[in-house]
Amino acid sequence: MSSTLYETLRRRVDDGTVPGAVALVARGDDVGVVAVGSADAAGHVPVTRESIFRIASLTKPVMAAGLLTLVDEGRLALDDPIAEWLPELAKPLAVRTAAGPVDDVVPAVRAITVEDLLSSRPGWGIAPDFSLPAVRALLTLQDHSRPMRTWPAPDAFLARLAEVPLLHQPGQAWLYGTASALQGLLAARVTGRTLPEFLAERVFTPLGMKDTAFEVPAAKRDRFTWAYAPGPDGTLTLTDTPDGDFRDLPRFCSGGGGLVSTADDWLAFARMLLAQGAGLLSPTSVSRMTNNHLTAAQRADVTLFLEGQGWGYGGQVDVEPIDPWNVPGRYGWFGGTGTTAHVIPATDTVTILLTQVATTGPTANTLMRDFWRACA
């Protein structure tokens, strides 16, 4: 397995697809790690097992687990309306039809609940058709083309979101992105802590995730990778440096995509899931995280994102063996900065790939698929 992984990564480093990559595959206690290439395109800094990467949407499973600690404690219930803690969102309006104008709205038929956020069905979020008026209105606020540190502060974000109509009624459809950001804002309001404080106390410290955070302090920047975006001709454009966007905490720390981490830190998180919560979460919460909550019709509506698979809490769940790497019950996701990670309960396996080159669309890139194929 290690030789196959090495050859897969070496080929993509040599052809300039990525400057470097770290792959980790754990089967029970047997852990294999391959680190190839450099942390920077100039080749000055070797990438290592300890390298720190922007993990983008691999934040989502971690955020869901954090919120579920509050459910396990009884401080939240899945059917609680979020308006109790996020009163800005107490009276959402929804567009009458998905393709309709943003001023043709009706009241939400019911309150948005905690479970709606966890299953990514609050009514706000990105749909496969980016041209829909309500999606365009949301993207003026949830603009992933801008660094997260330029997003408005949490209270301002909520106030602006309240002015954006729901694309669908609560619970009706899976939509991408917004739900995880709202999970972070909800956790902060419930506990009276900032999101970095909350996740550090509830997840990072108990699991020993010592390098996972919303910022990279100066003492760790020698391990922090550069970030790139691929151009149409495959050339890489620098988008961030180790002392750039993550030099300190942004005003908006997103539960949807704001973390940095390492392969071993995400392995610790994954092993918690495989161990049925390991004391951090109840087995019931782990089960809810890692089982599909979408109907067949909801899955079919978002094939662009989920490619026919399902969604648990914070991550995708395989329900169909469409590709060689799809195993029913396989749980995880990928990040737009070039990262992907999964747990496969049926085989007690964890697979993690960290790179520093962004994807160019809402689905996994070729290198990720090569990695999954090598792990299958």
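Reply: Happy to. Helices (H or I, at least four residues) and strands (E, at least two) are DSSP runs, numbered from the N terminus. This is a predicted model, where local features need pLDDT of at least 70, side-chain atom pairs count only at pLDDT 80 or more, and totals for chains, interfaces and linings use all residues. Residues are numbered from 1 along each chain as its sequence is written, and side-chain values use heavy atoms, with hydrogens and water left out.

Me: Great. Where does L117 lie?

Reply: L117 is part of helix α3, which covers residues 114-118.

Me: And is L117 buried or exposed?

Reply: L117 counts as buried because its relative accessibility is 0%. Buried means under 20% relative accessible area, exposed over 50%, and partly exposed in between (1.4 Å probe, protein chains only).

Me: Which residues is L117 in contact with?

Reply: Setting aside neighbours within four places in sequence, L117 has contacts with I82, I112, P122, A179, L182, Q183 and L186. Contact here means heavy atoms within 4.5 Å. As for I82, it sits 35 residues from L117 along the chain, with 8.8 Å between their C-alpha atoms.

Me: Switching to the core: which residues have the most contacts inside the largest one?

Reply: Those are L186, F269 and M289, in a nonpolar core of 102 residues. Helix α2 (residues 59-73) gives the most to this core, namely eight residues. A nonpolar core is a set of buried Ala, Val, Leu, Ile, Met, Phe, Trp, Tyr and Cys residues joined through side-chain atoms within 4.5 Å.

Me: What does F269 touch?

Reply: Not counting residues up to four places away in sequence, F269 touches P61, V62, A65, V203, L207, M209 and M289. There is also a second, separate core of seven residues, V95, A127, L132 and V135 among them.

Me: Now the pockets. How much space lies in the largest one?

Reply: About 1200 Å³. On a 1 Å grid over the protein atoms alone, a pocket is an open set of points where a 1.4 Å probe fits, with protein on both sides within 12 Å along at least five of seven lines; lining residues have an atom within 4 Å of a point. Grid points are joined across faces, edges and corners, and a volume is the space filled by probe spheres set on the points.
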